[in-house]
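Trainee: I would like to go through this structure with you. Can we take it step by step?
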Amino acid sequence: MLHNEPAHTWRRAIQRFFQEAERGDVLLLHLPCHGRKDNRNRLYFVARDSEFDMVEATSVSAEFLADCMDLSRSPRCLEKLAAYLEQGPAAHGWMEDRVWTAARVATLIGRKFQVFYSVSGATS
């Protein structure tokens, strides 16, 4: 788990996370940060040391993240989870307020991937 680290530390940790995954692993990466788009509408994840006028050089690009995911030996669980989350809570039975909570995300992971995932894990 990283907390308030510079972008180069994020890139190393993200690449290591996906490289060390085995085929049967279920991977979930949570980036608690802001996103920023460049002039060509490409997404970057803003780290502690990111500079808004040099976002390409000082942030973590979504393209880098996608490349790491593609090279991982783990199945595309992250893409599946993202698709489930995009459908919204109502599509998965939470009609009352249509809000994703950590507990609901943990429950969704358990239902869809047949693994136990704690609420604290869903918020880390």
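The questions below go from the fold to individual side chains.

Trainee: What kind of model is this, and what pattern does the chain follow along the sequence?
Mentor: This is a predicted model. The chain has six helices and three strands. Read along the sequence, they give the pattern α-β-β-α-β-α-α-α-α.

Trainee: How many residues does the chain have, and what percentage count as buried?
Mentor: Buried means under 20% relative accessible area. The chain has 124 residues, and the share that counts as buried is 31%.

Trainee: What share of the accessible surface belongs to carbon and sulfur atoms?
Mentor: The accessible surface of the chain comes to about 8,200 Å². The carbon and sulfur share of that surface is 51%.

Trainee: Among contacts with a separation of 6 or more, what share comes from residues 24 or more positions apart?
Mentor: A contact here needs heavy atoms within 4.5 Å. Among contacts in the chain with a separation of 6 or more, residues 24 or more positions apart account for 44%.

Trainee: Which residues of helix α3 are buried, and why do they lie on the same side?
Mentor: Helix α3 spans residues 62–71, and its buried residues are Phe 64, Leu 65 and Cys 68. They share one side of α3 because they cover an arc of only 100 degrees around the axis.

Trainee: What covers those buried residues of α3?
Mentor: The cover includes one helix, α1, at residues 7–19. It also includes two strands: β2 (43–45) and β3 (60–61).

Trainee: How many salt bridges are found, and what partner does Asp 38 have?
Mentor: The search of the whole structure finds three salt bridges. Asp 38 is buried at 8% relative accessibility. At 2.7 Å between the closest N and O atoms, its partner is Arg 42, which is partly exposed at 30%.

Trainee: How many aromatic pairs are found, and what geometry does the pair of Phe 17 and Phe 18 have?
Mentor: The search finds two aromatic pairs. Phe 17 is partly exposed at 31% relative accessibility, and Phe 18 is buried at 3%. Their ring centres are 5.1 Å apart and their planes stand at 80 degrees, so the pair is edge-to-face.

Trainee: Why is the pair of Trp 94 and Trp 100 classed as it is?
Mentor: Trp 94 is buried at 12% relative accessible area, while Trp 100 is partly exposed at 25%. The ring centres lie 5.7 Å apart. The planes are at 65 degrees, so this pair is edge-to-face.

Notes:
Residues numbered from 1 in each chain as written. Predicted model: local features only at pLDDT ≥ 70, side-chain atom pairs only at ≥ 80, totals over all residues. Heavy atoms only, no water. Buried < 20%, exposed > 50% of the residue type's maximum accessible area, 1.4 Å probe, protein only. Helix = DSSP H or I, 4+ residues; strand = E, 2+ residues; numbered from the N terminus. Arc of directions from axis to C-beta. Areas by Shrake-Rupley, 256 points an atom, 1.4 Å probe, with all protein chains shown as cover. Salt bridge = Lys/Arg side-chain N within 4 Å of Asp/Glu carboxyl O. Phe/Tyr/Trp six-rings, centres within 6.5 Å; stacked < 30°, edge-to-face > 60°.
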